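The following report describes a protein chain from its overall make-up down to individual side chains. Please read it alongside the sequence and the structure shown here.

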Amino acid sequence: MRELRNGAARLLVVDDNKVNRLLLTRSLELQGHSTASAENGRIALEMLRREPFDLVLLDMEMPEMDGFQVLEQLVNDRKLRDLPVIVTSSLEGIANVVRCIELGAEDYLTKPVNPVLLKARIGASLEKKHLRDQQKELVRRFATPEVAQDLQDSGFSLGGKLVHASVMFSDIRGFTALAESQPPEETIELLNTYYALMFDAISGHGGVVTLMMGDGLMSVFGAPMPLPDHGESAVCAAQEMVELIDLFNHDRQAAAKPSIKIGIGIASGEMVAGYAGTNERATYTCIGDIVNLASRLETHTKIAQRTILIDQATRSSLNERITVEPLGLVPFKGKATAVDVFSVDPGRKR
């Protein structure tokens with residue numbers, strides 16, 4: 001998000017009339033803004049895609065590419081669709097105004113433009129942009145980049161869609177006893193470090209963390225964005241998570257602190273992914289039998305005395321470089337039939 005100092009901004013003036021461009025840019029610079037200009041729509045789009053601007057002042061009647069065509073390009077460009085545009089045009093008629101607004105223009109001013117009115121409209125547009133940028137920053141801070149992008153592309157609506165993906169559950173073994181044996185501030189520090197390491201491994205293999213509950217994490221590979229080989233990606237992430245915990249334990253041992261261990265369960269298949277909750281408070285998550293199975297597998301790591309457990313669907317997606325040990329059929333609560341369970345060697349093959 002670009003910070004604007006004292007209301008000053010980087011503005012692009014687009015007009016085929018050189019006198020209009022010079023007069024308008026001079027007026028804007030006297031107001032403290034930084035300006036650039038383009039003589040037609042094609043050049044303007046090239047500049048907008050090459051360098052950042054905070055607002056565009058756009059004429060309608062231009063050679064090569066007119067203002068309407070520019071607006072159409074902007075509204076279909078993910079990176080530029082939220083850029084505020086104020087139309088300054090000699091075209092009259094409500095139909096032209098309506099068309100510009102429908103194409104995403106922030107405002108429409110007829111020429112000759114009243115300088116006091118223009119200054120006020122620029123100020124209002126920049127303030128709206130600043131608020132939108134703040135909103136995006138908050139979304140990025142409290143949601144994963146993939147979820148933030150999904151919100152920007154598709155908008156927010158409760159509900160979900162059927163996806164084929166892999167779900168991972170993980171947590172720290174004996175965390176409750178560990179937390180009770182040390183001051184709360186040490187537990188928070190441990191969790192923050194743990195989250196940083198796990199998030200890096202998960203996101204590095206295309207996964208998205210959808211739930212954090214104490215030391216427990218739920219992650220999905222293949223939603224909201226499709227991910228080829230999501231099963232193998234999840235397993236590779238799990239192996240890296242174990243490797244990072246091993247390295248972290250070296251530091252803890254050097255500081256005379258107890259080592260930690262994690263358990264990971266992964267299942268693959270069809271599930272429903274989307275936003276659950278209310279219009280006031282919602283979260284991106286996945287639900288379905290596969291999600292429940294992944295949770296059961298993570299819990300079963302304690303009984304099986306294994307670090308990473310996967311189901312048959314995930315096993316079928318792995319290449320031969322990943323060592324897998326079959327543990328046989330395991331009955332799980334809520335499952336009508338026993339599940340074929342496999343243990344993955346936590347050591348990564350290079």
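## Overall make-up

The secondary structure of the chain comprises eleven helices and 13 strands, where helices (H or I, at least four residues) and strands (E, at least two) are DSSP runs numbered from the N terminus. This is a predicted model, in which local features need pLDDT of at least 70 and side-chain atom pairs count only at pLDDT 80 or more, whereas totals for chains, interfaces and linings use all residues. Residues are numbered from 1 along each chain as its sequence is written, and side-chain values use heavy atoms, with hydrogens and water left out.

Of the 350 residues in the chain, 44% count as buried; buried means under 20% relative accessible area, exposed means over 50%, and partly exposed lies in between (1.4 Å probe, protein chains only). The chain exposes about 18500 Å², of which carbon and sulfur atoms supply 52%; accessible areas come from the Shrake-Rupley method with a 1.4 Å probe, and for residues only the protein chains shown count as cover. Among contacts in the chain with a separation of 6 or more, 66% are between residues 24 or more positions apart, a contact being heavy atoms within 4.5 Å.

## The parallel sheet

An open sheet is formed by five strands in the order β2-β1-β3-β4-β5, with parallel pairing; two strands pair if DSSP finds at least two bridges between them. At the edges stand β2 (34–38) and β5 (107–110), each with a single partner strand, so one side of each is left without a neighbour in the sheet. From one strand to the next, the twist averages 20 degrees. Strand β1 (residues 10–14) and strand β3 (residues 55–58) run parallel and are joined by four bridges, and Val14 stands opposite Leu58 in β3. Helix α1 (residues 18–30) packs on the sheet, where it touches β1, β2 and β3, and its direction makes about 165 degrees with that of β2; axes are lines fitted to C-alpha atoms, for helices over the stretch in contact, and angles run from 0 to 180 degrees between N-to-C directions.

Within this sheet, Ala36 belongs to strand β2 and is buried, at a relative accessible area of 13%. Apart from residues up to four places away in sequence, Ala36 touches Arg10, Leu11, Leu12, Val13, Met47 and Phe53. The C-alpha atoms of Ala36 and Val14 are separated by 8.7 Å, the two residues being 22 residues apart along the chain.

What does Lys129 contact, leaving aside its neighbours within four places in sequence? Lys129, in helix α5 (residues 115–142), is in contact with Phe53, Asp54, Leu83 and Pro84, and at 11% relative accessibility Lys129 counts as buried.

## Salt bridges

Side chains of opposite charge can pair when their charged atoms come close. With a salt bridge taken as a side-chain nitrogen of Lys or Arg within 4 Å of a carboxyl oxygen of Asp or Glu, the count comes to 14. Three of these pairs are set out below.

| Pair | N to O distance | Separation in the chain |
|---|---|---|
| Glu64 and Arg42 | 2.6 Å | 22 residues |
| Glu298 and Arg173 | 3.3 Å | 125 residues |
| Arg306 and Glu325 | 3.0 Å | 19 residues |

Glu64 forms a salt bridge with Arg42, linking the loop between β3 and α3 (67–75) to helix α2 (residues 41–50). Glu64 counts as exposed at 58% relative accessibility, whereas Arg42 is partly exposed at 35%.

Glu298 forms a salt bridge with Arg173, and this pair links helix α10 (residues 289–304) to the loop between β6 (159–172) and α7 (175–180). Glu298 is buried, with a relative accessible area of 8%, while Arg173 counts as partly exposed at 21%.

Arg306 and Glu325 also meet through their side chains in a salt bridge, with Arg306 in the loop between α10 and β11 (308–310) and Glu325 in strand β12 (residues 324–330). Arg306 counts as partly exposed at 30% relative accessibility, and Glu325 counts as partly exposed at 35%.

## A nonpolar surface patch

On the surface, Leu162, Val272 and Ile287 form a nonpolar patch with about 280 Å² of accessible area together. Patches are made of residues with over 30% relative accessible area and no salt bridge, like charges being joined within 9 Å and nonpolar side chains (Val, Leu, Ile, Met, Phe, Trp, Tyr) within 5 Å. Ile287 lies in strand β10 (residues 282–287) and counts as exposed at 54% relative accessibility.
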